[in-house]
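Hi everyone, thanks for coming. Have a look at the protein on the screen, and I'll walk you through it.

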Amino acid sequence: MRPASTRRSRCRTVSSRRLPTAPPGRRQRGFTLLEALVALTLIATSGLVLMAWINTNLQSIGRLQQRDAEAHLKLAATQIMQTVNPLVQPEGSLRAGTLEVRWRTTALPPRTTSMGFTGAGQGRFAMQLFEAQVEARDVDLGTELSFVATLLGYRGLPGGVNEPR
């Protein structure tokens, strides 16, 4: 068996070796090709993730804008339909600025008369509920919408009783 001192010296010799990095007298400048490829891969991956996130947000914004336009259109059409008396005009169309509204109504039974001022006797109006199929369109925005509304139709009756004098 060899003495312990020789074994240690061998280990020291092996561990003190240096790996060659550059030729003697020259320093390494810049990046290696592998480092550049890794950096480009990281940048490209980050860019793809960022673009996917931006695309998702843009689609969400588009859906929100569409729903907002439909809500404004429905509100405007509902306000126009509040001026329509379906007992007098059961179907028709109106145009207000860039808004076009078309409707067709169906009577819901029964037709009733209003009550007099004191709660007894016949009043001055014949009334009936109607279901209206409404189609609204904004010409400028190109937004179209269909919805169903319930409207009250009324017509004055001659000689209503129990009215205040």
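**A patch, a core and some salt bridges**

The model is predicted, so local features need pLDDT of at least 70 and side-chain atom pairs count only at pLDDT 80 or more, while totals for chains, interfaces and linings use all residues. Residues are numbered from 1 along each chain as its sequence is written, and side-chain values use heavy atoms, leaving out hydrogens and water.

Now the overall layout. The protein has 2 helices and 4 strands, running α-α-β-β-β-β from the N terminus. Helices (H or I, at least four residues) and strands (E, at least two) are DSSP runs, numbered from the N terminus. Of the 165 residues, 18% count as buried. Buried means under 20% relative accessible area, exposed means over 50%, and partly exposed is in between, with a 1.4 Å probe and protein chains only.

Back to Leu50, which sits in helix α2, residues 33-81. Leu50 is partly exposed, at 46% relative accessible area. Helix α2 has 49 residues and reaches 71 Å from its first C-alpha to its last, close to the 72 Å expected at 1.5 Å a residue; that expected span is 1.5 Å times one less than the number of residues. Which residues of α2 are buried? They are Ala69, Leu73, Ala77, Ile80 and Met81.

That brings us to the inside. The largest nonpolar core has 15 residues, and those with the most contacts inside it are Met81, Leu99, Val101, Trp103, Val134, Ala136 and Phe147. Helix α2 and strands β2 (99-115), β3 (122-138) and β4 (143-156) each supply at least two residues of this core. By nonpolar core I mean a set of buried Ala, Val, Leu, Ile, Met, Phe, Trp, Tyr and Cys residues joined through side-chain atoms within 4.5 Å. Leaving aside residues up to four places away in sequence, Phe147 touches Lys74, Ala77, Thr78, Ala132, Gln133 and Val134. A contact is heavy atoms within 4.5 Å.

Finally, the charges. How many salt bridges does the structure hold? There are 4 salt bridges, each a side-chain nitrogen of Lys or Arg within 4 Å of a carboxyl oxygen of Asp or Glu. In one of them, Arg104 pairs with Glu91, with the closest N and O atoms 3.7 Å apart. This pair links distant parts of the chain, as Arg104 is in strand β2 and Glu91 is in strand β1 (residues 91-96), 13 residues apart. Arg104 is exposed, at 55% relative accessible area, while Glu91 is partly exposed, at 46%.

Another salt bridge joins Arg102 and Glu135, whose closest N and O atoms are 2.6 Å apart. Arg102 lies in β2 and Glu135 in β3, so the pair ties together parts 33 residues apart in sequence. Salt bridges that share partners also join Arg95, Glu100 and Arg137 into one network.
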